[in-house]
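The report below is meant for someone meeting this structure for the first time, and it goes through the chains one topic after another. Please keep the sequence and the 3D view at hand while reading.

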Amino acid sequence: MSGILDSSIGRKFAMALSAFFLMIFLLQHFVINLTSVFSADTFNEISHFMGTFWLIQYVIQPILIFGVLFHFIMGFVLEIKNRKARNISYAKNNGAANSTWMSRNMIYSGMFILIFLIIHFIDFWIPEINTKYIVGDMSGMHDGEFRYFHELQEKFVPIWRVALYCVGFVFLALHLMHGFNSAFQSVGANNKYTKGLKGFGMAYAIILPLGFIVIALFHHFNH
Amino acid sequence: MNLTLKIWRQKNKNDKGGLVDYKVTDVSPDMSFLEMLDVLNEDLINKDEEPVAFDHDCREGICGMCSLYINGEAHGPDRGVTTCQLHMRMFKDGDTIYIEPFRAAAFPVIKDLIVDRTSFDRIQHAGGFISVNTSGNTIDANTIPVNKHDADTAFDSATCIGCGACVASCKNSSAMLFVSAKVSQFALLPQGQIEATDRVLNMVKQMDEEGFGNCTNTGACEVECPKGISLENIARMNREYLKASLKG
């Protein structure tokens with residue numbers, strides 16, 4: 001295994017593994033958020049469990065943060081290396097003739113997702129960490145009832161934040177449209193199932209971000 | 001057909017180079033692209049001007065010598081052809097055609113449209129071969145049974161002519177399609193198994209050292225490849241590489 005991350009294929013493999021992890025995380029995040037549309041109590045209970053269970057807080061969460069940072073940093077490292085590999089650009093280049101816009105612009109969709117994530121962390125994650133680990137309040141309660149659903153609704157009152165989140169999810173969809181199947185190709189999975197997987201990947205890339213948009217709009221209009 | 005050509009002219013590898021406009025007249029739609037350039041060069045020679053330097057050899061799509069980035073695509077707008085097989089009927093009267101060399105740091109320009117593709121040779125030298133006793137008692141390859149599907153797939157991989165269109169088309173200047181085709185043609189056959197581990201590790205190491213970029217699976221290489229080399233080769237090479245890395 002020595003030096004596998006020093007090679008182009010090793011880096012590609014690591015990038016794909018972090019992508020798989022993030023895509024699984026995204027799915028569970030979506031499912032939990034979806035419960036907020038149907039039941040405030042269920043959302044509160046799941047949120048409290050996720051926010052206080054030691055395995056999630058002290059094992060899964062650090063892995064997630066590492067995965068997010070690794071994916072972004074490696075993405076930028078690869079972009080810099082790839083730009084160096086072509087020292088003179090073409091005067092005329094017809095990229096649209098042979099590849100999708102999404103595949104050629106992963107760095108840009110990724111950068112918008114990064115901006116979105118920073119805002120998302122400031123909105124939700126940092127206040128949560130502050131309440132639990134700085135203030136030391138692990139009860140999850142406010143005025144005698146669970147605070148999670150109320151906090152979620154409060155965040156989606158300003159229309160500017162809803163609009164910003166919607167734009168972020170559109171870039172997430174564009175990123176996933178290429179990234180989902182690209183990750184499978186990177187780990188060497190290109191076989192008779194690839195065609196079906198491409199369809200599933202496209203559905204995943206559209207349904208999940210669209211679902212997040214619907215949830216954000218739901219809470220904006222049902223506050 | 002009357003055409004305006006914007007051709008990259010560069011005296012040598014140290015020259016900065018730039019696009020120069022030329023007019024060509026009475027071009028037949030039945031000419032190949034290289035024949036059209038021959039007409040231009042004849043005209044330039046008659047005018048005591050330096051002809052445009054470009055690579056060519058067999059002119060029947062086999063040798064992989066002709067390159068050229070034509071109107072933003074390797075080997076031009078047609079599919080499954082090399083530049084020598086590209087016909088002028090793909091263009092219209094009055095068109096402006098951009099003709100540039102294949103661009104990659106690992107393919108430095110030698111002169112005008114000719115690039116140095118010896119980086120591919122060095123990758124081949126690193127592992128693109130099998131060791132066979134050729135001292136007179138060579139074993140006939142056909143005595144070893146090979147699964148038909150594997151034989152066909154290996155042959156498909158072996159049709160790579162090493163032209164470099166994959167590198168030129170890739171936004172990252174990645175050579176993964178070329179290297180994966182060379183790895184695959186041996187990985188699929190019993191004769192290639194003995195050196196399989198070293199082959200993929202050494203060829204990928206050499207590819208990285210040559211300064212090619214990282215593959216991001218855009219698929220542009222597969223679309224522009226004149227021999228239709230599939231992305232399945234890259235997936236296979238990824239598997240072979242991971243297997244070899246785990247073996248050590």
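How many residues of domain 1 of chain B are in contact with how many residues of domain 2 of chain B?

## The model and the two domains of chain B

The structure is a predicted model, and what follows should be read with that in mind. Chain B is divided into two parts, domain 1 covering residues 3-111 and domain 2 covering residues 118-247. The C-alpha centres of domain 1 of chain B and domain 2 of chain B are 29 Å apart.

Where the two domains touch, domain 1 of chain B contributes 18 residues, and these are in contact with 16 residues of domain 2 of chain B. Sorted by class, the side of domain 1 of chain B that touches domain 2 of chain B consists of ten nonpolar, six polar and two charged residues.

## The sheet of chain B

Chain B contains an open sheet of five strands, which follow one another in the order β2-β1-β5-β3-β4, with mixed pairing. At the edges of this sheet are β2 (18-24) and β4 (73-74) of chain B, each of which pairs on one side only. Helix α1 (residues 33-46) of chain B packs on the sheet, where it touches β1 (3-9), β2 and β3 of chain B, and the direction of this helix makes about 85° with that of β2(B).

In general, the strands of a sheet pair through backbone hydrogen bonds, and the pairing can be either parallel or antiparallel. Both kinds can be followed from β1(B), which is joined to β2(B) by seven bridges in an antiparallel arrangement, while four bridges join β1(B) in parallel to strand β5 (residues 96-100) of chain B.

## The make-up of chain A

Chain A has eight helices and two strands. Read from the N terminus, its elements run α-α-α-α-α-β-β-α-α-α. Taken along the principal axes, the box filled by the C-alpha atoms of chain A comes to roughly 65 × 40 × 35 Å.

## How helices of chain A pack

The axes of α1(A) and α3(A) come within 9 Å and cross at roughly 140°, and because of that angle α1(A) is oblique to α3(A). This crossing of α1(A) and α3(A) is left-handed. Among the residues that make the contact are A:Met15, A:Leu22 and A:Phe25 of α1(A), and also A:Val68, A:His71 and A:Met74 of α3(A). The residues of the contact of α1(A) with α3(A) comprise eleven nonpolar, three polar and one charged.

A further partner of α3(A) is helix α5 (residues 106-134) of chain A, for the two axes come within 11 Å and cross at roughly 150°, and α3(A) and α5(A) are therefore roughly antiparallel to each other. The crossing of α3(A) and α5(A) is left-handed, and in it A:Phe72, A:Gly75 and A:Glu79 of α3(A) meet A:Ile107, A:Gly110 and A:Leu114 of α5(A). By class, the residues of this contact of α3(A) with α5(A) are three nonpolar, two polar and one charged. For α7(A) and helix α8 (residues 194-221) of chain A, the axes come within 8 Å and cross at roughly 170°, an angle that makes α7(A) roughly antiparallel to α8(A). The contact of α7(A) with α8(A) includes 22 nonpolar, three polar and one charged residues.

## Where the chains meet

The contact between the chains takes 35 residues from chain A and 40 residues from chain B. On the side of chain A that touches chain B, α1 (8-38), α3 (54-84), α4 (101-104) and α7 (159-186) of chain A each supply at least two residues, and α1(A) gives the most, with five residues. The residues of that side of chain A divide by class into 13 nonpolar, 15 polar and seven charged.

Methods:
Residues numbered from 1 in each chain as written. Chains lettered and ligands numbered in written order. Predicted model: local features only at pLDDT ≥ 70, side-chain atom pairs only at ≥ 80, totals over all residues. Pairing = 2+ DSSP bridges. Contact = placed C-beta atoms within 7 Å. Axes fitted to C-alpha atoms, helices over the stretch in contact; angles between N-to-C directions. Nonpolar A, V, L, I, M, F, W, Y, C, P; charged D, E, K, R; others polar. Parallel < 35°, antiparallel > 145°, perpendicular 65-115°, else oblique. Left-handed = near helix turned anticlockwise from the far one by under 90°. Domains from an automatic or database assignment.
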